[in-house]
Amino acid sequence: MPTNTAAPNILISAAGEDADWKKALVERLPDANIVTGDDNYDPATIDFALFWKQPQGLIKNLTNLKAIFSLGAGVDHVVSSPSLPENIPVIRLEDAGMADQMVQYHLYAALHFMRDFDVYSAQQATAIWKQHDVARISKCQVGVMGLGALGAAVATALSNLGFTVSGWSRSMKAIEGITTFAGEDAFDEFLGEADILICLLPRTPETEGLLNSETLSHLPKGAAIINAARGAMINEADLLRAIDTGHLRGAFLDVAVTEPLPESHPFWDHPKIRITPHIAAATRVEESADQIAQNIDRMARGETPTGLVDRQSGY
Ligand code: NDP
Ligand code: OXD
């Protein structure tokens with residue numbers, strides 16, 4: 001991928017955080033010309049675009065782009081753009097400080113169910129002082145969908161804490177202490193063992209709506225869901241039905257189909273659903289800017305960047 005980037009032109013569009021990103025990139029690439037949407041620039045001169053929730057239509061004017069960097073682990077906001085040319089490399093962030101945060105989020109959420117904090121919250125609402133047996137952590141099986149940069153870290157941390165952990169991905173993985181499953185054919189068997197199901201898949205045409213009435217019915221009765229990936233992976237009406245009929249115990253959700261979650265959405269005051277506002281893992285500007293600057297340098301040397309998205313599979 002040879003590029004002529006002696007002084008690359010870089011555009012940042014980072015959903016209100018342009019100034020922080022610009023400062024971090026200027027420090028790492030002092031020779032580059034770095035602009036944001038507020039600056040006057042000629043779109044045809046931009047070599048690299050750094051995007052988080054970029055305005056619609058922005059891509060189509062960038063006629064000489066060499067690559068787009070997502071300012072997140074997910075790239076759905078970039079690859080879903082109808083004006084994205086097929087041959088433009090899209091590069092995602094790989095961990096960049098997010099795995100630790102994802103681990104913290106999922107330890108809390110998994111223990112919420114494993115230690116019955118959902119039950120005790122409900123009891124507190126009606127002033128009930130009633131003790132339940134404390135389950136053995138090894139008897140609680142957690143299934144992690146997605147064993148990438150974030151899912152593998154979460155699976156390993158839960159296993160280290162004592163949970164019995166299995167994981168599911170597209171291609172087979174070997175992770176110490178984790179029972180792994182791969183591909184569609186193994187999905188039902190994987191689901192059938194998960195007392196707590198964690199979703200850390202990327203949003204792609206294959207994963208959208210993957211958790212629905214049919215697939216949720218394969219979970220054991222009383223299973224719980226944790227989703228900090230993308231809201232589109234779960235059919236929300238089906239999830240509500242599965243909880244309200246008693247098949248599922250509850251859900252811990254960091255993401256929703258519509259964000260911010262509308263005030264009238266039934267998730268807000270559902271007693272068995274916990275909501276957080278897409279905070280499971282924040283993008284760390286410093287670590288991410290390091291990764292992006294190193295990849296721009298790699299491309300300038302004619303090397304392949306890391307974190308390159310496979311446009312066919314969409315992640
Ligand atoms: P990766 O690309 O590193 O990993 C994705 C994993 O999902 C891989 O194991 C991959 O399988 C698996 N996968 C993809 N498609 C399928 C499929 N059809 N069937 C089975 N497995 C599949 O992603 P990350 O771990 O970096 O991030 C995961 C997601 O987390 C992001 O895409 C983003 O949406 C979300 N996220 C949410 C945040 C938040 O704050 N809520 C913050 C950061 C990320 P294989 O290994 O075989 O390729
Ligand atoms: C991401 C996110 O994809 O924050 O990085 O959701």
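**Entry 1: overall build.** I note at the start that this is a predicted model. I looked up the secondary structure and found 9 helices and 12 strands. Next I checked the overall dimensions: along the principal axes, the C-alpha atoms fill a box of roughly 65 × 40 × 35 Å. I also wanted to know how the radius of gyration fits the chain length. A compact globule of 315 residues would come near 20 Å, and the protein has 21 Å, so the two agree.

**Entry 2: ligand 1.** I asked which residues are closest to ligand 1. They are Leu147, Ser171, Lys173, Ala228 and Tyr315, out of 30 residues that surround the ligand. Sorting the shell by class gave me 16 nonpolar, 8 polar and 6 charged residues. Helix 3 (98-114) and strand 7 (164-169) each supply at least two residues of this shell.

I then went through some polar contacts. Leucine 150 has a backbone N or O atom 2.9 Å from an oxygen atom of ligand 1. A polar backbone atom of arginine 170 is 3.1 Å from a nitrogen atom of the ligand. Glutamate 206 takes part through its side chain, with an N or O atom there 3.0 Å from a nitrogen atom of ligand 1. As for burial, ligand 1 taken alone exposes 940 Å², and the protein buries 93% of that.

**Entry 3: ligand 2.** The residues around ligand 2 are Trp52, Gly72, Ala73, Gly74, Met98, Arg230, His278 and Ala281. By class I get 4 nonpolar, 3 polar and 1 charged.

Where do the polar contacts come from, backbone or side chain? Alanine 73 places a backbone N or O atom 2.7 Å from an oxygen atom of ligand 2. Glycine 74 has a polar backbone atom 2.8 Å from an oxygen atom of the ligand. Arginine 230 uses its side chain, with a polar atom there 2.8 Å from a ligand oxygen. Ligand 2 exposes 210 Å² when taken alone, of which the protein buries 87%.

**Entry 4: a pocket.** Arginine 230 turned up again when I looked at the second largest pocket, where Asp76, His77, Ser80, Arg203 and Arg230 lie nearest the centre. This pocket is lined by 20 residues and has a volume of about 490 Å³. Its lining divides into 6 nonpolar, 7 polar and 7 charged residues.

**Entry 5: a cavity.** How many cavities of 30 Å³ or more are there? I count 1. About 40 Å³ of space lies in the largest cavity. Its lining is made of Asn227, Gly231, Ile234, Glu236, Leu239, Leu253, Val255, Ala256 and Phe267. By class, that is 6 nonpolar, 2 polar and 1 charged.

Entry 6: I went through the peptide bonds and found that the one from glutamate 259 to proline 260 is cis, with omega near -5°. Proline 260 sits in the loop between strand 11 (248-253) and strand 12 (273-275).

My last stop was alanine 96, which has a positive phi of about 45° although it is not a glycine. Alanine 96 belongs to the loop between strand 5 (90-91) and helix 3.

Technical notes:
Residues are numbered from 1 along each chain as its sequence is written. Chains are lettered from A and ligands numbered from 1 in the order in which they are written. This is a predicted model: local features need pLDDT of at least 70, side-chain atom pairs count only at pLDDT 80 or more; totals for chains, interfaces and linings use all residues. Side-chain values use heavy atoms; hydrogens and water are left out. A residue is near a molecule or strand if one of its heavy atoms lies within 4 Å of it. A polar contact is a pair of N or O atoms within 3.5 Å; within protein, one must be able to donate a hydrogen and the other to accept it, and residues adjacent in sequence count only if both atoms are side-chain atoms. Accessible areas come from the Shrake-Rupley method with a 1.4 Å probe; for residues, only the protein chains shown count as cover. Ala, Val, Leu, Ile, Met, Phe, Trp, Tyr, Cys and Pro count as nonpolar, Asp, Glu, Lys and Arg as charged, and the others, Gly among them, as polar. On a 1 Å grid over the protein atoms alone, a cavity is a set of points where a 1.4 Å probe fits but cannot get out, and a pocket is an open set with protein on both sides within 12 Å along at least five of seven lines; lining residues have an atom within 4 Å of a point. Grid points are joined across faces, edges and corners, and a volume is the space filled by probe spheres set on the points. Helices (H or I, at least four residues) and strands (E, at least two) are DSSP runs, numbered from the N terminus. The radius of gyration is taken over C-alpha atoms; the globule rule is 2.2 Å times the number of residues to the power 0.38.
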